[in-house]
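Reader: I would like to learn how to read a few features of a model like this one. Could you take me through them one at a time?

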Amino acid sequence: MSSRWQDEVLADVASGVRINDQHIVERIRQAVLMQRLPPNTRLPEVALGDIFGVSRSVVRKALTRLAADHVITQQPNQVARVSAPSVDETREIFAARRLVEGEVVALLALEPAPSWHARLSELCEAEADAHARGDEPQRIEHSLALHHTLAKHSPNRILGAMLSDLILRTSIVIALYKHSGLASCYLEGDHPRLRDALAAGDSGAARAALHAHLDSLEALLDLRPQTAEIDLAAIFAQPA
């Protein structure tokens, strides 16, 4: 677990915030979304109990809820870990998000005088500013907030809830599979193009802009099969 995340949790405890399983769920979910808890991070019950100042039963309840939401994985007699989806599952997550978020933005484009449009503009500007300053954590936060704004205001609440789940799962696979050495997944102009299509009330353009954004984001990931070459001759060579 990252020291920065632990420091934030300890600050909550010191401030007298009431810690229950819901609080733990929200803190871990947010840390995964912000890529502060990378895929495969171990989440021992004892360590979490000490950090949050709660019993193992409270931690266990929180972990069970997180596992049901695909944020973590739990196996019998093993320590819980932040989810680490396979390459195939990653492709399925992106395919599902294209369908769901594509429909959400197409519906949102038909909304008359949306109250949320100004918020999209603010987030587009804030994301660009954070990228220019080299503040990747803030850039990620603004990017996630933009997509969560779309989910929150979805005319179809079921699709909105599905999108919120897919945003989280996408963040996990980006942290897991982005090319080594890639400092940022910022895609200049993508969010402003989506915002402008929504403002114009053009469902087709909004869907196309969203699909192009997700295609470009997926292209930043290294989803090649990771196959190691096995030297059979060396393995089965007779000792001299």
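This is a predicted model: local features need pLDDT of at least 70, side-chain atom pairs count only at pLDDT 80 or more; totals for chains, interfaces and linings use all residues.

Reader: How do the axes of helix α7 and helix α9 cross?

Author: Two packed helices are described by the angle between their axes and by the distance between those axes. Here the axes of α7 (residues 136–152) and α9 (residues 190–199) come within 12 Å and cross at roughly 25°. Since angles under 35 degrees count as roughly parallel, α7 is therefore roughly parallel to α9, and their crossing is left-handed.

Reader: Which residues make the contact, and of what class are they?

Author: On α7 the contact is made by Ser 143, Leu 146, His 147 and Leu 150, and on α9 by His 191, Leu 194 and Leu 198. By class, this contact of α7 with α9 has four nonpolar and three polar residues, with no charged ones.

Reader: In what order do the three strands of the open sheet stand?

Author: The order is β1-β3-β2, with antiparallel pairing. β1 (42–43) and β2 (72–73) are at the edges and each has a single partner strand, so one side of each is left without a neighbour in the sheet. Between β2 and β3 (residues 80–82) the antiparallel pairing runs over two bridges, and Thr 73 stands opposite Arg 81 in β3.

Reader: Where is Asn 77 found, and is Asn 77 buried or exposed?

Author: Asn 77 lies in the loop between β2 and β3, where its phi is near 65°, a positive value in a residue other than glycine. Asn 77 is exposed, with a relative accessible area of 85%.

Reader: What is phi of His 70 near?

Author: Phi of His 70 is near 70°, again positive in a residue other than glycine. His 70 sits in the loop between α4 (56–68) and β2, and is partly exposed, with a relative accessible area of 39%.

Conventions:
Residues are numbered from 1 along each chain as its sequence is written. Side-chain values use heavy atoms; hydrogens and water are left out. Axes are lines fitted to C-alpha atoms, for helices over the stretch in contact, and angles run from 0 to 180 degrees between N-to-C directions. Helices (H or I, at least four residues) and strands (E, at least two) are DSSP runs, numbered from the N terminus. Angles under 35 degrees count as roughly parallel, over 145 as roughly antiparallel, 65 to 115 as roughly perpendicular and the rest as oblique. A crossing is left-handed if the near helix is turned anticlockwise from the far one by less than a right angle, and right-handed if clockwise. Contact means heavy atoms within 4.5 Å. Ala, Val, Leu, Ile, Met, Phe, Trp, Tyr, Cys and Pro count as nonpolar, Asp, Glu, Lys and Arg as charged, and the others, Gly among them, as polar. Two strands pair if DSSP finds at least two bridges between them. Buried means under 20% relative accessible area, exposed over 50%, partly exposed in between (1.4 Å probe, protein chains only).
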